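Subject: Structure for your review

Dear colleague,

Please find below the structure that I am passing on to you, followed by an account of what was found in it.

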Amino acid sequence: MTRWSWRWAVVTALIVGAVLFPLYWAIVSSFTPESRLFTAPKLIPAQLILDHYRALFTTRDFWTPIRNSLIVAGATTALAISLGAVCAYALARLQFPGKSLTLAFVLAVAMFPQVSIVSPLYLILRKVGLLDTYPGLVLPYLTFAMPLTIWMLVGYFRQLPFELEEAAALDGAGRLRTLWEVVLPLSAPGIATASILTFLYSWNEFLFALSFALGPESYTVPVAIALFRGQYQVPWGEILAGAVVATGPVALIVLVAQRRIVAGLTAGAVKG
Amino acid sequence: MAAISLTNVSKVYANGQVAVRDLTLDITDGELMVLVGPSGSGKSTVVRLIAGLEAASAGRIIIGGRDVTAVAPQHRDLAMVFQNYALYPHKSVRDNLAFGLRVRREPAARIDARVREVAQTLGIEELLDRKPAQLSGGQRQRVALGRAIVREPQAFLLDEPLSNLDPLLRVATRAELALLHRRLGTTMVYVTHDQEEAMTLGSRIAVMRDGAIEQVAAPLTAFERPATSFVARFVGAPAMNLWPAGWSRNGERLALTTSFFTLEVDSAGRRTPEGANVLLGIRPHDIVPGDVGTGDADAQIEVVEPLGASTTIHASLEDGAAELVRIVVPPHESLRAGDRVGLKIRRDRLHLFDAGSGRAL
């Protein structure tokens with residue numbers, strides 16, 4: 001190895017270590033007995049137990065927040081992607097007045113600090129009777145997730161070879177058919193990326209989920225974990241176990257989806 | 001099958017760039033019309049206007065008696081072969097061919113039969129289950145062609161379909177295209193920048209320059225009687241030699257004088273007045289080299305290009321001349337770079353153009 005690649009290897013190892021260490025520490029701690037958590041920390045744990053996890057799913061009923069989070073994040077992702085794809089295609093390919101203004105406006109919506117609209121949103125949701133319901137979370141999430149989706153997909157659609165859509169038009173296909181049969185299949189990597197980001201956002205969102213849920217039945221995972229702490233004690237072991245459980249599905253999704261994000265899916269469409 | 005006619009069609013882009021100006025062209029039913037011109041001459045824009053991929057800024061486009069100026073491409077019933085083929089990369093060859101028929105809701109049995117038939121015609125049956133990425137350039141070209149044929153459209157539009165093929169394959173495919181056109185008898189509009197392709201394929205060729213048509217004619221007519229000096233230079237290889245010249249009277253006879261030589265010609269048929277400035281054009285094979293002092297001008301041979309069937313010579317009429325004369329001679333003439341020769345110009349093959357407008361005189 002040359003001097004430079006050695007340096008790069010060291011730098012890379014340091015970054016990877018810095019990123020992974022907290023995760024490692026959380027996983028190890030979630031298997032450590034509560035009594036040992038505050039003694040002198042050891043890198044290699046001496047004793048591993050499952051108590052925290054057992055408590056999570058028996059006394060705490062952690063299944064409910066997991067179910068809530070899956071439904072809310074799943075619905076948000078499905079809606080954001082399907083509506084966002086149609087919007088993005090129009091913005092990427094159609095000519096209409098005020099197009100760039102629309103794109104800028106869409107982005108501006110996502111720029112609002114969430115905390116500034118919590119109270120007005122709360123009042124609106126109470127008025128229409130959506131407090132403490134799934135749509136009551138999915139709709140606000142959409143307003144933040146859609147701009148991201150639209151911008152990502154506009155960028156992705158624009159770099160697809162336009163001749164393919166022209167060929168589809170000459171083959172007799174209308175806009176929606178072209179979107180469905182030509183553009184979307186070729187955009188699978190972009191859609192996968194947008195889906196992951198939307199899902200992550202909705203899975204991790206805390207402020208809205210805390211404000212618009214009225215009881216434990218409608219807590220999402222982050223809210224449930226945050227409310228583990230009692231008045232006199234903080235159950236760190238269970239909080240960390242909850243965090244590990246909450247991270248698991250997301251990490252799994254990213255790892256699986258990563259395989260779908262294959263470069264060269266458009267290879268062979270045009271020369272080169 | 002249909003005739004295509006463009007009447008006073010213009011295309012001006014949003015940035016003010018004029019791609020096509022006031023163009024009128026009638027393509028008869030079953031014809032193979034080749035649009036030829038240098039890049040930027042607007043030829044691709046013309047097929048895109050016919051296809052409906054660009055909207056005309058002015059004028060009318062009529063296909064098969066129907067005014068389609070405002071009709072979307074999917075309702076014009078045309079098929080197009082793109083320069084880079086534009087095959088659907090995620091669909092198999094079979095699905096690429098079938099897509100247009102499926103969109104039109106043809107019965108599955110008919111689609112299947114039709115795809116098989118076209119694949120057989122083009123010799124791509126064994127490729128039907130492959131994806132475009134698994135095909136060679138020539139095979140992709142065939143699939144693109146098949147996708148156009150399978151639908152039996154009113155007309156085919158081909159935008160530089162051969163330019164991505166290697167030279168040998170290009171010549172072979174060119175001949176197949178001509179054969180295909182004869183067998184199908186469908187109107188074709190073919191765009192190319194290659195004058196040789198235009199000459200060999202076209203029933204007629206339309207030579208384009210700066211968004212306008214310079215001449216529409218049968219290939220040989222364009223070669224023998226170019227309407228403008230631009231067509232004269234563009235059609236035929238090597239290109240025609242052109243010199244600025246002036247008329248003068250020399251006793252009973254008229255003379256054409258360039259800065260290098262003077263040609264005495266018969267006065268009959270010359271309509272331009274004395275002293276008028278013209279462009280004198282002479283094709284490379286209408287100049288015959290001989291001994292020094294025996295021809296109309298002496299020249300020094302600078303470059304000899306033996307091509308097998310003929311030899312192209314580039315010669316200078318004076319030392320350090322910027323433009324060289326192109327001469328085509330039979331292959332076995334023993335001429336070498338550095339030789340001095342006399343050039344004899346065939347009087348019956350002169351082309352004359354107005355120096356200002358470039359129009360043939």
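A nonpolar core is here a set of buried Ala, Val, Leu, Ile, Met, Phe, Trp, Tyr and Cys residues joined through C-beta atoms within 7 Å. A residue counts as buried if 20 or more other C-beta atoms lie within 10 Å of its own, as exposed if 12 or fewer do, and as partly exposed in between, with C-beta atoms placed from the backbone.

The model is predicted: local features need pLDDT of at least 70 and side-chain atom pairs count only at pLDDT 80 or more, while totals for chains, interfaces and linings use all residues. Residues are numbered from 1 along each chain as its sequence is written, and chains are lettered from A and ligands numbered from 1 in the order in which they are written.

The core

The largest nonpolar core has 144 residues, of which Leu35(B), Leu157(B), Val189(B) and Val207(B) touch the most other members. Helix H6 (residues 134-158) of chain A gives the most to this core, with 12 residues. Helices (H or I, at least four residues) and strands (E, at least two) are DSSP runs, numbered from the N terminus. Leaving aside neighbours within four places in sequence, Leu157(B) is in contact with Val47(B), Ile50(B), Ala51(B), Leu78(B), Met80(B) and Val189(B); contact means that the C-beta atoms of two residues, placed from the backbone, lie within 7 Å.

Chain A

Chain A has 12 helices and 0 strands. Its C-alpha atoms fill a box of roughly 70 × 65 × 30 Å, taken along the principal axes. Of the 272 residues of chain A, 32% count as buried. Among contacts in chain A between residues at least 6 apart in sequence, 79% join residues at least 24 apart.

Helix H4 (residues 99-111) of chain A lies largely in the open, because the number buried among its 13 residues is 1. At 1.5 Å a residue, H4(A) should span 18 Å, and its end C-alpha atoms are 19 Å apart, which agrees; the expected span is 1.5 Å times one less than the number of residues.

Chain B

Chain B is divided into domain 1 (4-229) and domain 2 (241-354), with bounds that come from an automatic or database domain assignment. The C-alpha centres of domain 1 of chain B and domain 2 of chain B lie 40 Å apart.

How enclosed is strand E8 (residues 187-192) of chain B? In E8(B), 6 of the 6 residues are buried, so the strand is largely enclosed by the rest of the structure. Thr187(B), Val189(B) and Val191(B) point one way from E8(B), and Met188(B), Tyr190(B) and Thr192(B) point the other way. Strand E3 (residues 32-36) of chain B pairs with E8(B) in the parallel sense over 5 bridges, and Leu32(B) has Met188(B) as its bridge partner. Two strands pair if DSSP finds at least two bridges between them. Strand E7 (residues 155-159) of chain B also pairs with E8(B) in the parallel sense over 5 bridges, with Leu158(B) opposite Tyr190(B).

Two open sheets of chain B follow. In one, 4 strands stand in the order E2-E1-E4-E5 (chain B), with antiparallel pairing. Strand E2 (18-27) and strand E5 (66-67) of chain B are at the edges, each with a single partner strand, so one side of each is left without a neighbour in the sheet. Helix H1 (residues 43-51) of chain B packs on the sheet and touches strand E1 (4-12), E2 and E4 of chain B. The direction of H1(B) makes about 65 degrees with that of E2(B); axes are lines fitted to C-alpha atoms, for helices over the stretch in contact, and angles run from 0 to 180 degrees between N-to-C directions.

In the other, 5 strands are arranged as E15-E19-E16-E17-E18 (chain B), and the pairing is antiparallel. The edge strands, strand E15 (287-290) and strand E18 (325-329) of chain B, each pair on one side only. E15(B) and strand E19 (residues 340-345) of chain B pair over 4 bridges, and Pro289(B) stands opposite Leu343(B).

Backbone geometry

Most residues other than glycine have a negative phi, and most peptide bonds are trans. A cis peptide bond joins Ala237(B) and Pro238(B), with omega about -5 degrees. Tyr85(B), which is not a glycine, has a positive phi of about 75 degrees and is buried, with 26 other C-beta atoms within 10 Å. Glu152(B), not a glycine either, has a positive phi of about 50 degrees and is partly exposed, with 15 other C-beta atoms within 10 Å.

With kind regards
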